[in-house]
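Let's take a walk through this structure together. Have the chains open in your viewer and follow along.

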There are 2 protein chains.
Amino acid sequence: MNNFEYYNPVKIVFGKDQLTKLPELISPNAKKIMLTYGGGSVIKTGLLDKIKNSLSDYQLIEFGGILPNPQYDKLMQGVELAKSEQVDFLLAVGGGSVIDGTKFMAAAIHHPTDPWNMLAKREAIVDTTAFGCVLTLPATGSEMNAFSVVSKGNEKIGFGGDPRLYAKFSILDPTITYTLPEKQLGNGIVDAFVHVTEQYLTQDINTPIQDRMAEGILKTLIEEGPKVIELKDDYDSRANYMWATTCALNGLIGVGVIHDWSTHMIGHNLTALYGIDHARTLALVLPSLLRYQKESKKHKLLMFAKNVWGIEGKTPEQRIEMAINKTEDFFNSLGVPTKLKAYKLDEKDIDQLIESLAPILQTGLGENRDINAIKAKEILMGAL
Amino acid sequence: MNNFEYYNPVKIVFGKDQLTKLPELISPNAKKIMLTYGGGSVIKTGLLDKIKNSLSDYQLIEFGGILPNPQYDKLMQGVELAKSEQVDFLLAVGGGSVIDGTKFMAAAIHHPTDPWNMLAKREAIVDTTAFGCVLTLPATGSEMNAFSVVSKGNEKIGFGGDPRLYAKFSILDPTITYTLPEKQLGNGIVDAFVHVTEQYLTQDINTPIQDRMAEGILKTLIEEGPKVIELKDDYDSRANYMWATTCALNGLIGVGVIHDWSTHMIGHNLTALYGIDHARTLALVLPSLLRYQKESKKHKLLMFAKNVWGIEGKTPEQRIEMAINKTEDFFNSLGVPTKLKAYKLDEKDIDQLIESLAPILQTGLGENRDINAIKAKEILMGAL
């Protein structure tokens, strides 16, 4: 096991009707809250009104329209609004994009130079406005980690790591997911699945606690996923799915292990160039990437085959191939395609994608930094 | 899954040589630190000197002699010392008893009435002195939870739950465990194992994430346990054992599930009456308790048999019996007896024990509150 530090002070408030606890969760000295949300589904479902009613003791302002892959320019409008209104608490009501955007705003409000420098020049955060979350779309884990991704035009920029970017609390009510469309549910399951594999399918350095926890999350997603898609209001499967997505990226399965975020790195540019949903890009990259990294990930892929998919017998090579095929079948069964042709992309598009990835491919992606432009093209050609 | 809240802000600093980070982990405004420790092994191993050298920028005082089952009267001496010396940070260097005692002192220093009322009358904590931990004996999980057990004479009193009873940080260096005697290692493994079963072997309410994590910790203890006992300086097995004991009781596997702490409740009085080590009392109670609660714990016991012990085939009844036998064999293999006769206790002692448990047996122990005096006697007779 590698040395590690783990610190995660987010208060999780999980379950039915937990929204009633919202007023007492807000920092006691907060007076003016900015509610942040996305494209408006929280208005349609009545959730926003419910929240506004429960927070009638506070001054409230709203900042909606934070869309998937939250744009820097849009978020800066929110920063200006929060500053001019002297907001002292932010409440993100939404999924990963709303929460990611809110984290950026929480820090940008206090940044003494151009907040763009926090992204482009990695300038350290100076201070943050406290924030909380009401999660509507289980997927990214942003509600219980200190990371965020912000977009500027076609560029997606990772941001975070500072402990002040943890939410003060996150309310996770599985019944809030009942109104989600199938596509978002499928995306959420795949997103969480790949978050786990990027912390688990790397080099084996003898970390059984983390490995068994990772396998537990993957098995839960595999078992609960179909129920989540088929049953619109089955509390148990929604609860298990919701908690699985949070545990997939709250840091615990990632302590002391080797990470490989190359699927995310390649996927980000697939979103930037072709507008494919974040989770859907991961389903395109992961299976082919695993096939091309079979040797370096051999130990863990065999562990994955046995402990997650229950595959035994045959040759190690065959067990690995079966596990990758089963993963691909699972994504497809959720309505999430695993081939680029589903988006009408061909070799020409792959070349464009590789070009856009040139700066990071030069230093090499993957836990062994061995995914260069040539290998990345092989991986993507394998996903055609 | 039941509704739950989860909040755990302890910063874990895990690995070789992490003690070098100690000075920067102390609260920046602390000036005077009280080092708390146990019977003196930290002096013999040189650990205390190492810590004192690294904290030479602070004023230091010492309060040693906090023995297993920390006594209220002893701890109150520490409280008086900390108050008269105007200590503003406590550093626990030890195992569960030292940390538990330090938690109590942290709150007692600030208690406006007699601190005994925090235990006897459950008076709420008013404030705490911040504290950190350097863990020397992986077992109780106290380094990453907000609970504590304090003894007054023969009475063991649980205390805690207030978020101010979380350590600011806990340093977990597996190499510090190299000097531990076999008996303490065996005890530590059993203690953690039973912490997990008391959150896992209850009623099945569809909580796969928690169940798979619990099973992962149990499997790790089963696999690493023998290596921990046999190999004195094998880093990997010590690291996995250490992390397993922390994860066993940091709250995460306990969210949203039904608990049954009856093995601990009965065990506490075995310690109080006969001076048997805490973990050793758990090994005496658990196997027999599981046999007598076979029906109500049936689903989970079958899960335990299959997922933890790999037992398949035969009748459900036989699989459960095999799983309990294997658990018992595992404890014995660690040098931890599972029968009362190992301590020369007989039916007369059981009767005395039952009598001492009368107040809690009246309301009933176990997740179904069905362990009364008659059943408790059956369970203990099964452990003769």
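**Salt bridges, an interface and a pair of helices**

Counted over all chains, the structure holds 48 salt bridges. Keep in mind that what you're looking at is a predicted model.

Let's start with a pair in chain A. A:E215 and A:R212 meet through their side chains in a salt bridge, at 2.8 Å from N to O. Where do A:E215 and A:R212 sit relative to each other in helix α8 of chain A? They're 3 residues apart in that helix, so about one helical turn separates A:E215 from A:R212. Burial is judged by relative accessible area, and the cut-off for buried is under 20%. A:E215 comes in at 3%, so it is buried, and A:R212 counts as buried too, at 13% relative accessibility.

Now look at another pair in chain A, A:R280 and A:D277. Their side chains also meet in a salt bridge, this time at 3.9 Å from N to O. A:R280 counts as buried because its relative accessibility is 10%, whereas A:D277 is partly exposed, with a relative accessible area of 28%.

Is B:K348 buried or exposed? With a relative accessible area of 58%, B:K348 is exposed, while B:D346 is partly exposed at 34%. Salt bridges can also share partners: back in chain A, that is how A:R291, A:K294, A:E317, A:E321, A:E328 and A:K339 are joined into one network.

Next, the place where the chains meet. On the chain A side 39 residues are in contact with 39 residues of chain B. Between them, chain A and chain B bury about 3,500 Å², and 60% of that is on carbon and sulfur atoms. Which residues of chain A lose the most area to chain B? They are A:M1, A:I209 and A:W243, which together make up 18% of what that side buries.

There are charged and polar links here as well. The rule finds 4 salt bridges across the interface of chain A and chain B. B:K11, for instance, forms a salt bridge with A:E5, and the closest N and O atoms of this pair are 3.5 Å apart. For polar contacts across the interface of chain A and chain B, the tally is 14 residue pairs, both residues being at pLDDT 80 or more.

What does chain A bring to this interface? The elements giving two or more residues to the side that touches chain B are β1 (4-14), α8 (208-230) and α9 (235-248) of chain A. β1(A) supplies the largest share of that side, 11 residues. Sorted by type, the residues of the side of chain A that touches chain B come to 21 nonpolar, 10 polar and 8 charged.

Let's move on to helix α15, beginning with chain A, where the helix spans residues 373-381. Its buried residues are A:K375, A:A376, A:I379 and A:L380. Looking down the axis of α15(A), you'll see these buried residues fall within an arc of 135°, so they line one face of the helix. Among the elements covering them are α10 (262-274), α11 (278-292) and α14 (347-363) of chain A.

Turn to α15 in chain B, and the buried residues are B:A376, B:I379 and B:L380. They cover an arc of only 95° around the axis, so they sit on the same side of α15(B). The buried residues of α15(B) pack against α10, α11 (278-292) and α14 (347-363) of chain B. At the start of α15(B), B:N372 has a side-chain oxygen that reaches to within 3.2 Å of the backbone nitrogen of B:I374.

Our last stop is a pair of threonines in chain B. B:T271 is found in helix α10 and is buried, at 5% relative accessible area. Its side chain reaches the backbone oxygen of B:I276 at 2.9 Å. Beyond its neighbours within four places in sequence, B:T271 is in contact with residues including B:N69, B:K156 and B:T281. B:T281 itself belongs to helix α11 of chain B and is buried, with a relative accessible area of 0%. Leaving aside its own neighbours within four places in sequence, B:T281 is in contact with B:G267, B:L270, B:T271 and B:I276.

Notes: Residues numbered from 1 in each chain as written. Chains lettered and ligands numbered in written order. Predicted model: local features only at pLDDT ≥ 70, side-chain atom pairs only at ≥ 80, totals over all residues. Heavy atoms only, no water. Buried < 20%, exposed > 50% of the residue type's maximum accessible area, 1.4 Å probe, protein only. Helix = DSSP H or I, 4+ residues; strand = E, 2+ residues; numbered from the N terminus. Arc of directions from axis to C-beta. Contact = heavy atoms within 4.5 Å. Buried area = accessible area lost by both parts, 1.4 Å probe. Polar contact = N/O pair within 3.5 Å; in protein donor to acceptor, adjacent residues only side chain to side chain. Nonpolar A, V, L, I, M, F, W, Y, C, P; charged D, E, K, R; others polar.
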